[in-house]
Amino acid sequence: MVVESHIDNNLCFVCFFMTLVDYFTCYKNLKQENQPRVCSSNKLEGLFSFFKRNQTMVVKLYGPTCASSKRALVCLIEKEVEFEVVPVDVSKGEHKDPEFLKLQPFGVVPVIQDGDYTLYESRAIMRYYAEKYKCQGTELLGKTIEERGIVEQWVEVEANNFDPWAYKLAIHVLFSSIIGITPDPKIIEESEANLSKVLDIYEERLSKSKYLGGDFFSLADISHLPFIDYIVNNMGREYLIKDRKNVSAWWDAISNRPSWKKVLELYRASI
């Protein structure tokens, strides 16, 4: 088991201070109006809940070398969350072991255990930690509801428009021998053609902002890292990225994040 620490264990004092101020403001207003102290009681309960939420427990992440797991790992590092990894050798079928299936009934990585809380699906894990630790590390969701909407939009675009074709391309170009299938030239051609169409839309979007969600790095960018890395560095299809000026500049920006470099250094799979 590999352990990597990436956080300062101090509480988020900004959030604490805001909660404390909110509590005393509410108490003062109720006292002046001679109202029952229901609101102040609720605020005090919220204050105790804040402390409870922020008691640090080391997160366990299962299956760190798989592509989808890397999304979650980058998020954890960007949010300065302490974690340890639990290897799951997919090539040996460990993701189908009965003990693992108790955590993830579909037999897919990643899975996280956060105390007595278990969660799977990489994008859900990213959203969970970006929200839970919104007051520490990099802001990955957006500061306004409008920014958050755009970030969520592009996370969904990645999941529904980019990932299916990138995944098929990876299966038939990189992993066919590992999983025991014959590469299908038609699927490879179709996947590349559809990725090109998607990336043309990205090129237009990125002519207007540095990152997909706006002018800040976000979950929308993190979600693309694993499979674009395969495209550029393992599949021999780097032209899909490099031949598009804005997409290429975006890739250079996100792939040079220290968090991504750390993930590749520690958890790059042997292909």
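Two strands are said to pair if DSSP finds at least two bridges between them. The strands themselves, like the helices, are DSSP runs numbered from the N terminus: a helix (H or I) has at least four residues and a strand (E) at least two. In this protein, strand 2 (residues 59-62) and strand 4 pair in the antiparallel sense over 3 bridges. The model is a predicted one, in which local features need pLDDT of at least 70 and side-chain atom pairs count only at pLDDT 80 or more, while totals for chains, interfaces and linings use all residues. Residues are numbered from 1 along each chain as its sequence is written, and side-chain values use heavy atoms, with hydrogens and water left out.

The protein has 13 helices and 5 strands. Of its 271 residues, 46% are buried; buried means under 20% relative accessible area, exposed means over 50%, and partly exposed lies in between (1.4 Å probe, protein chains only). Contact means heavy atoms within 4.5 Å. Among the contacts with a separation of 6 or more, 66% are between residues 24 or more positions apart.

Strand 4 (residues 111-114) can be followed in more detail. Val-111 and Gln-113 point one way from this strand, Ile-112 and Asp-114 point the other way, and all are buried. Strands 4 and 5 form a hairpin with 2 residues between them, and Gly-115 in the turn has a positive phi of about 70°.

Next come the aromatic rings. Rings of Phe, Tyr and Trp (its six-membered ring) pair if their centres lie within 6.5 Å; planes under 30 degrees apart count as stacked, over 60 as edge-to-face and the rest as tilted. The count comes to 12 aromatic pairs. One of them joins Phe-106 and Tyr-120 edge-to-face, at 6.3 Å centre to centre and 75° between the planes. This pair links distant parts of the chain, 14 residues apart: Phe-106 is in the loop between helix 4 (98-103) and strand 4, and Tyr-120 is in strand 5. Phe-106 counts as exposed because its relative accessibility is 58%, whereas Tyr-120, at 26%, is partly exposed. The rings of Tyr-167 and Phe-227 have centres 6.3 Å apart and planes at 70°, so this pair is edge-to-face too. Tyr-167 belongs to helix 6 and Phe-227 to helix 10 (residues 225-233), 60 residues apart. Ring pairs also link Tyr-117, Tyr-128, Tyr-129 and Tyr-133 into a cluster.

Helix 6 (residues 145-173) also holds Glu-158. Is Glu-158 buried or exposed? Glu-158 is buried, because its relative accessible area is 0%. Leaving out residues up to four places away in sequence, Glu-158 touches Arg-71, Arg-123, Asp-163, Pro-164, Tyr-202, Ser-223 and His-224. Glu-152 is found in helix 6 as well, but with a relative accessible area of 23% Glu-152 is partly exposed. The side chain of Glu-152 makes a polar contact with the side chain of Arg-127 (2.9 Å). A polar contact is a pair of N or O atoms within 3.5 Å; within protein, one must be able to donate a hydrogen and the other to accept it, and residues adjacent in sequence count only if both atoms are side-chain atoms.
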